[in-house]
Amino acid sequence: MEKAGSEIARVAVKDIAAARAIKIIKKKIKTPIVADIHFDYRLALEAIKSGADKIRINPGNIWKANELKQIISSAKKRNISIRIGLNTGSLKKRACEPSGLGMVNAALKYIKFFEKENFRDIIISLKSSNVEETVSAYKKLAGLCDYPFHLGVTAAGPYDTGIIKSSIGIGTLLLSGIGDTLRVSLTGDPIDEVIAAKRILRVLQLRNFGPDIISCPTCGRCQVDLPKIVDGLQEKLSTKRAIGIAVMGCEVNGPGEAKDADIGIAFGKKSGLLFKKGKVVKKVKAKNAVKELLTCAGHKL
Ligand code: SF4
């Protein structure tokens, strides 16, 4: 299985040519490759032969015993893991079940088959486009087996709503201690999926990907243009720096949040107190706040 926290590349293997292309892709990238296989077990065999680091098969469309046995035998020989990737959309007996029981039962049947074949290098995913069904299914199965889980809310939709569904679904599970790998599924640029996944992990403090800005919503007490300061900071801040920065509008919550972050600023009237690791560094003018925060964060200006 891939190292926790690392990125993996998923390739859709829709035909034999795509399966063979894995060999070429692997020569050009260092990222491990997961081959996503549906319908035809021979694509799985070819993908494994071409050097796939893991394959995903779908119990909804690859389920014949003799085919599964060949896939398992090939994966054993190459010492790679198999993701049992259930999606409600491809389950035979499809019914929207908030309980997630349909997916759990299908997964258990599949797991039993793999165990009978003495193959335990498996990872499970139970994805639905319905957040409640997804969360319930993972929680139920987590109580019934110890295999690692790949998390995701499938077909979550366009960016603005998809990111909310994914954050609620994946976040709820991660907060419950469930999940080993994850994918955010959005209709759009896959780069946005990776950024969203990293942000979920960052927000839950499970990984230190990039900066985390803690800023208040502002209210009648705020006497500076806080949104402008936060926009300026976000624009100039390196996305690679793992740092917590608090930017707060007044003295109500400001000093507390600013003290807790790596660096922070709590504004008063036109100026604010700059904190670093809980200690006041100096008083800064609002118009210099972005520059001062970036300098304090160690940015070259
Ligand atoms: S920190 Fe101050 S300015 Fe910001 S929302 Fe809270 S009370 Fe309002």
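What percentage of the 301 residues of the protein count as buried?

1. Burial. Of the 301 residues, 37% count as buried; a residue is buried if 20 or more other C-beta atoms lie within 10 Å of its own, exposed if 12 or fewer, and partly exposed in between, with C-beta atoms placed from the backbone.

2. Basis. This is a predicted model, in which local features need pLDDT of at least 70 and side-chain atom pairs count only at pLDDT 80 or more, while totals for chains, interfaces and linings use all residues. Residues are numbered from 1 along each chain as its sequence is written.

3. Overall layout. The C-alpha trace spans about 75 × 45 × 30 Å along its principal axes. The protein is divided into domain 1 (9–203) and domain 2 (212–296), with bounds from an automatic or database domain assignment. The centres of domain 1 and domain 2, taken over C-alpha atoms, are separated by 41 Å.

4. Secondary structure. There are ten helices and twelve strands; helices (H or I, at least four residues) and strands (E, at least two) are DSSP runs, numbered from the N terminus.

5. The sheet. Five strands form an open sheet with parallel pairing, in the order β1-β2-β3-β4-β5; two strands pair if DSSP finds at least two bridges between them. The edges are β1 (9–13) and β5 (122–127), each with a single partner strand, so one side of each has no neighbour in the sheet. On average, neighbouring strands of this sheet are turned by 25° against each other, direction ignored. Axes are lines fitted to C-alpha atoms, for helices over the stretch in contact, and angles run from 0 to 180 degrees between N-to-C directions.

6. β3 (residues 54–57) and β4 (residues 81–87) pair in the parallel sense over four bridges. Helix α1 (residues 16–28) packs on the sheet, touching β1 and β2 (33–37), and its direction makes about 170° with that of β2. Contact here requires C-beta atoms, placed from the backbone, within 7 Å. Helix α4 (residues 101–116) lies across β4 and β5 and runs at about 155° to β4.

7. Lys240. This residue lies in the loop between α8 (226–236) and β9 (244–248). Lys240 is exposed, because 9 other C-beta atoms lie within 10 Å. The C-alpha atoms of Lys240 and Pro211 are separated by 7.2 Å, at 29 residues apart along the chain.

Notes:
Two residues are in contact if their C-beta atoms, placed from the backbone, lie within 7 Å.
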